[in-house]
Amino acid sequence: MLFRVARSRDGGAVSHYDLYKVDVKKGMTVLDALFQIQDKMDPSISFRYSCRGAVCGSCAMLINKEPRLACKTQVSGLKDLNMNLKPFPPLTEVPPGWNPDEEVLVEPLPNLPILKDLVVDMTKFYNALESLNLWAEPAEGEKARTQSPSDRRKMERYVNCIMCALCFGSCPVNAKKKEYVGPSALAKAWRFHEDSRTADKERYFKAATTPEGAPLCDLIMNCVKACPKGVAPGGTIRKIKKAS
Amino acid sequence: MVNLKHDVLIIGAGLSGLRAAIEIVDTHDVAVVTKVHSLRSHSVAAQGGINAAMSIEDSWESHAFDTVKGSDYLADQDVVEVLTRNAPSVVIENELWGTAFSRTEDGKIAQRPFGGAAYPRTCYAADRTGHNLLHTTFEQAMRKGVKFYDEWFVTSLVRTEDRIVGVTALEISTGKVLGITAKAVILATGGFGRVYGRSTNALINTGDGCGLALRAGVPLKDMEFIQFHPTGLKGSNILITEGARGEGGYLLNSKGERFMKEYAPKKMELAPRDIVARAIQTEINEGRGFEGGYVHLDLTHLGAAKIKERLPGIREISLDFAGVDPIEEPIPVVPTQHYSMGGIDCDKNGTTSLNGLFAVGETACMSVHGANRLGGNSLLETLVYGRIVGKNASEYAANAKDPDAEAVDNAAFAMREKIQAILLNESGELCAELRELMGTTMDDDVGVFRDPTRMEGALKVIKMIQERFEKVSIPRSDDRFNYALVRTLELENMLQLAYAITAGAIWREESRGAHWRIDHPKRDDERFLKHTLMTLIDGEMKISTKDVNLGQFEVKERTY
C-alpha cells in the first residue's frame, strides 16, 4: 500500500508530499504504518504519538482528508470510512497526483500552524483552557462531596474528552476565525457548568458564552462527527447558545 | 549558550510529577520538563481505579496487609504504611478538585473489588480512572500556574562530587541541547515497559529516569520484578483492566473451564496479578489455550447495561482493536508486560543516594510494591508520594546552596558533542532493528517463567546489542522534531535497563511474586528476603543487596 505523506521541513506550509510503500500487515493502524516509514525508510519524518490505544490524544491528523486518530484508524478499513463532514478548503483541496484508490493520504491536522511534517502547534488549543480558566475551584473541607449517579451522568460525556483537537481541526469556523476557542474548550466549560458539585456555575456559563466562544459557532456539527470519544461538542454548543 | 535555571526541576508530567509540582509551586521556583505534553502521559491510560480504605468495615491496616502479602513480603512495610494511611486523603483531595468518580446510589465514591484485596476498596471513574485523575490534576497545576517545558527530552543528570546541580535536555522542537541548573531534581518519568516487545505501556514508557539515574551513579532496585498483566488484548497488547474481573468477568480456557479454580480456589479471577498471569500462561503452555496462544475473558453474562456503564472504555478498545464486542463474545487475552515494580532506589521520602535527587512514582522503587504490585495501588502511589516527595524536595531546595552552573554548562557542551557524533554517523546500526531484537529477547527469555540458561543467553544478546549501539546511526534526519533521535536516546536507556532486569533475574535464585524461576520454584527467605541493587561503576553493572524493612506483618507463606 502506498502512503502519500505531507512534508514540511521548516514548518508553515506543506512543501511537498513523499510517497512510501508500506508493507501492510493484519491489524495495522495508520500509526503503525508511520512507524514503519520512520523505522525502515525515512527517519526524518516527524509525527506525535504516545499511548497507541486512543486514550492520550497525541496523534490527531488528516487521513484521506478526514481528521482521525492515527492509532485508532485501521489501514484495511480505510476505504469504507466516511465521516460525511461539511467541506471546507483543507478537506477539499487535494494534492496533485493523489490516487485515492491506491494511496493513503496523510496530512497534518488543519486549523493549527504546521511546525514540521505532521506535527502542529497546539499552543492556541491549549491556551483556550487557560484563558477560560477551565478548572474547578477546589472545594473546602475534609470529606468527599456526594453526587448522585444521575448527576454524574450529566457530565460524563464531557469528561470523556481526551483533548485530541480533532474537533478543532474539523471545524470550518476554526479555519476562518482565528479567535474562536473551538468546540472542546466549550464542552469542557459545560462539563463544569453541568457538574452538580460546582458552586459558581455562572463562571463557566460566562466562559462558554464569551465572544470568542459559543457565539462564533455556526452549528455545522463537524465536531460531532469527528470526535473519537462521543463527546459531541456541537449539541452542547447548541444548548449553550439557547441558554444565552 | 545560556543555561536555564530553576530551584526545583521535575522530570515527567504524569500524575506523580504533576502532584509534586502542585506541592512545590507556592513556595519555590519549580518547572516540569516533559517529553510529551502532560495530558499525553501514560497515567492517562490507567483504567481500573485507585485503592483507599474508605468504608467503615475497611481499614488502612487491612489495605497495608493486602499490599504486603501481595508483594510477597518484599515491600518495605514502613513505606506501605504511609501509602495506605494517606490513601483516603488523596482520593478526597482529587474529589474536591473535581474528579468525576463513579458513585454509589447514595452518592458516595463507588468502590469495586480488585485482585488480592479483602474489601472492595478500589475507587473508580468508570474504567477511565487515570484519565479522570490526570485531567483533573493537570487542571489544578494549570490553575496554580505551574511552568512546563513541553516536549523536552532530558539527556543527562549533572552532578558534582556530592550533589545534583541540574540536567541537560534536548528541546525537541529545535534540536538544541540546553543545560538547566537546579538545586533539586525529581525524577517522575514512569515505567520502562517498552524494554519488552509486548507491553500494555504507552510507546513513551522507556524508563528514561532509571537510565539517567544509573548513569549518574545512583543504584536501581529490584529491577527483576516485572509485572505481567493477566489480561492484555491479544494482538495489540492494550490493557484490559482488572476491573473487568472485579465486575465479575470470568477467565475461560479452550475447554470452557474457569481454570482459576485450580490455581486460587478462594480468590478465583481476583487473585493477585502474578498468580493469575502464571495460571493463564500455564493453561496456554499446556495446550488449553486457544490457537495462537490466548484465553478468553468472558463478560457476556454481565449484560449490556453493566458493561456500558462500568466498562465502556474496555468495550471501545475491544471493538476498535480486536473487532470484538464484549457484550456479545469473550475478549481474547494474554499475559503482557505491564508494570515495573523496580526502579530508582530511594526511601519513603523519595531521597536517593545523590543529594538533591529525588524519585517518585513508577520510576522509583521505595519499595511499596515489593515483588508484585496490587491493582489500584499505582495511581495511589503517584498521588500520595507525589505530595510527599514534592514537599521534601522543596525543603531540601530551601536549604541548598546555589548549584555550580559551570558544571551544567560543561555537561551541555559534552552532550552536544555526543549527539552530533550520532547524527554525523552516516552509516551504521539501525535503532529500530536493535530495539526489536531487545524486545523479542526480553519477551522470549525474561518473561513470566524464567529459565537461567535462556536468561544467560539473553544477557549475551543484550551485551551484543549494546556493542552494536555504539555504532548506531540515523541516516537521514532534521534538527527539528527529530523523533528518530529521541527514540535512539531512549533505546540507550532501555538497553541498560534490559541488562539490569536480566542480571537481577539471573542472580535471584528463588521464585517470589512476579519473578518465577523454573529451577527454583520456591521462595527462599533465608537467601533472598532482600532487595537487589544494581549500580553502574566504571561501565560495569555491580549487584549488591539491601535489607527489607519488615514490620507488623509477619513473613508467611502466600496462598489465595
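Predicted model: local features only at pLDDT ≥ 70, side-chain atom pairs only at ≥ 80, totals over all residues.

Q: Which domains does chain A have?
A: Domain bounds come from an automatic or database domain assignment. For chain A the assignment gives domain 1 (2-120) and domain 2 (123-136 + 149-243). Their C-alpha centres lie 26 Å apart. Two residues are in contact if their C-beta atoms, placed from the backbone, lie within 7 Å; the contact takes 19 residues from domain 1 of chain A and 19 residues from domain 2 of chain A.

Q: What sort of residues make up the domain 1 side of that contact in chain A?
A: Residues are sorted into nonpolar (Ala, Val, Leu, Ile, Met, Phe, Trp, Tyr, Cys and Pro), charged (Asp, Glu, Lys and Arg) and polar (the others, Gly among them). The side of domain 1 of chain A that touches domain 2 of chain A has 14 nonpolar, 3 polar and 2 charged residues.

Q: How is chain B divided?
A: Chain B has domain 1 (4-225 + 341-407), domain 2 (231-335) and domain 3 (408-524). The C-alpha centres of domain 1 of chain B and domain 2 of chain B lie 29 Å apart. Their contact takes 21 residues from domain 1 of chain B and 20 residues from domain 2 of chain B. The domain 1 side of this contact in chain B divides into 6 nonpolar, 11 polar and 4 charged residues.

Q: Which residues of helix H13 of chain B are buried?
A: Helices (H or I, at least four residues) and strands (E, at least two) are DSSP runs, numbered from the N terminus. A residue is buried if 20 or more other C-beta atoms lie within 10 Å of its own, exposed if 12 or fewer, and partly exposed in between. In H13(B) the buried residues are B:Val408, B:Ala411, B:Ala412 and B:Met415. They lie on the same side of H13(B) because they cover an arc of only 105 degrees around the axis (taken from the directions from the helix axis to the C-beta atoms). These buried residues pack against strand E7 (152-159), strand E8 (164-171) and strand E9 (176-187) of chain B. On the face turned away from the buried side, H13(B) carries the exposed residues B:Glu417, B:Gln420, B:Ala421 and B:Leu424.

Q: Where is the peptide bond that is cis?
A: The bond from B:Met366 to B:Ser367 is cis, with omega near 0 degrees. B:Ser367 sits in the loop between strand E17 (364-365) and helix H12 (377-399) of chain B.

Q: Is A:Ala54, with its positive phi, buried or exposed?
A: A:Ala54 is not a glycine, yet has a positive phi of about 60 degrees. A:Ala54 counts as buried because it has 24 C-beta neighbours inside 10 Å. A:Lys65 also has a positive phi, near 70 degrees, but is partly exposed, with 18 other C-beta atoms within 10 Å.

Definitions and conventions: Residues numbered from 1 in each chain as written. Chains lettered and ligands numbered in written order.
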